[in-house]
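This briefing covers selected packing features of one protein chain. Please look over the sequence and the model before reading the points below.

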Amino acid sequence: MYGFALEYADPKLKADPAFVLAAVQKNGRALKYADPELKADPKIVLAAVQQNGHALQYADPKLKADPGIVLAAVQQNGWVLKFADPKLQADPEIVLAAVQQNGHALQYADPKLK
């Protein structure tokens, strides 16, 4: 199953945790098409960002402030520090992981860490 097929799925499937988990494991960016409730599910969002860090942009704001979720995302793609909660953009551990993965991520770090 291709993850982006979720875009065309029945709304009931977009709200089915097992179905959405399978989709984001194939393509993390499929999180964009998940039911909003599942965008706030830590298990689903973690699977999505581990597959594709860019999925962080579609996560519920509370999970953009979750250090474990954001760390997994920036380890996959440092550039996505851009989508993290500002508190985590000022977290030295998160920023270091992001910059180690992609040096350009430094532009999204809190100014006091530059």
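In this predicted model, V49 touches A55, L56, I69, A72, A73 and Q76, leaving aside neighbours within four places in sequence. V49 is also among the residues with the most contacts inside the largest nonpolar core.

**Nonpolar core**

- The largest nonpolar core has 39 residues.
- Besides V49, the residues with the most contacts inside this core are L6, V24, L31, L56, V74 and L81.
- Two or more residues of this core come from each of α2 (17–26), α3, α5 and α7.
- Helix α5 gives the largest share of the core, 6 residues.

**Helix α5**

- Helix α5 spans residues 67–76, and its buried residues are I69, V70, L71, A72, A73 and V74.
- These buried residues pack against four helices: α3 (42–51), α4 (61–64), α6 (86–89) and α7 (92–101).
- An α-helix has 3.6 residues a turn, so residues three or four places apart point the same way.
- The N-terminal end of α5 is capped by D66, with a side-chain oxygen 2.9 Å from the backbone nitrogen of G68.

**Aromatic cluster**

- The whole structure holds 2 aromatic pairs.
- One of them joins W79 and F83 edge-to-face, with 5.5 Å from centre to centre and 75° between the planes.
- W79 has 25% relative accessibility and therefore counts as partly exposed, whereas F83, at 18%, counts as buried.
- W79 also pairs edge-to-face with Y108, at 5.9 Å centre to centre and 90° between the planes.
- W79 is in the loop between α5 and α6 and Y108 is in the segment after α7, so this pair ties together parts 29 residues apart in sequence.
- W79, F83 and Y108 make up one aromatic cluster.

**A84 in the loop between α5 and α6**

- A84 lies in the loop between α5 and α6.
- A84 counts as buried because its relative accessibility is 6%, and the cut-off for buried is under 20%.
- Apart from neighbours within four places in sequence, A84 is in contact with L56, K64, V70 and Q89.
- A84 and L63 are 21 residues apart along the chain, and their C-alpha atoms are separated by 8.8 Å.

Key. Residues are numbered from 1 along each chain as its sequence is written. This is a predicted model: local features need pLDDT of at least 70, side-chain atom pairs count only at pLDDT 80 or more; totals for chains, interfaces and linings use all residues. Side-chain values use heavy atoms; hydrogens and water are left out. Buried means under 20% relative accessible area, exposed over 50%, partly exposed in between (1.4 Å probe, protein chains only). Contact means heavy atoms within 4.5 Å. A polar contact is a pair of N or O atoms within 3.5 Å; within protein, one must be able to donate a hydrogen and the other to accept it, and residues adjacent in sequence count only if both atoms are side-chain atoms. Rings of Phe, Tyr and Trp (its six-membered ring) pair if their centres lie within 6.5 Å; planes under 30 degrees apart count as stacked, over 60 as edge-to-face and the rest as tilted. A nonpolar core is a set of buried Ala, Val, Leu, Ile, Met, Phe, Trp, Tyr and Cys residues joined through side-chain atoms within 4.5 Å.
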